[in-house]
Amino acid sequence: VVRRAYEYDYHLQCFSCLLFHRRLNTGDEFYLIEDQKLVCKLDYDTLKNKGKSQAHCIKNLHDKSCSS
């Protein structure tokens, strides 16, 4: 079973937020950032509101490459 975000396919178990691994469901808002990584809207907005100096942490997270 796979989920699709734009033109990318993901295994169902991998369709989750990069930051805290919250599973994304149909209708959830998310951002697709570098290299097909998913970040839920809540986590993205939280990082954005903390300032640009902390936004780099998205880029430094371990890449769990799960797209199919």
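Q: What is pLDDT?
A: pLDDT is the predictor's confidence in each residue, on a scale from 0 to 100.

Q: What does the protein chain average?
A: The average pLDDT of the protein chain is 78, and 74% of the residues score at least 70. Over residues 59-68 the pLDDT is below 50, and this stretch has 15 contacts (heavy atoms within 4.5 Å) beyond near neighbours in sequence in the model.

Q: Which conventions apply?
A: This is a predicted model, in which local features need pLDDT of at least 70, side-chain atom pairs count only at pLDDT 80 or more, and totals for chains, interfaces and linings use all residues. Residues are numbered from 1 along each chain as its sequence is written, and side-chain values use heavy atoms, with hydrogens and water left out.

Q: Turning to the rings, how many aromatic pairs are there?
A: There are 4 aromatic pairs. Rings of Phe, Tyr and Trp (its six-membered ring) pair if their centres lie within 6.5 Å; planes under 30 degrees apart are stacked, over 60 edge-to-face, and the rest tilted.

Q: How are Tyr6 and Phe30 arranged?
A: Tyr6 and Phe30 are edge-to-face, at 6.5 Å centre to centre with 75 degrees between the planes.

Q: Is Tyr6 buried or exposed?
A: Tyr6 is exposed (over 50% relative accessible area; buried is under 20%, partly exposed in between, with a 1.4 Å probe and protein chains only), at 59%. Phe30 is partly exposed at 23%.

Q: Why is the pair of Tyr31 and Tyr44 stacked?
A: The pair is stacked because the ring centres of Tyr31 and Tyr44 are 3.8 Å apart and their planes lie at 20 degrees.
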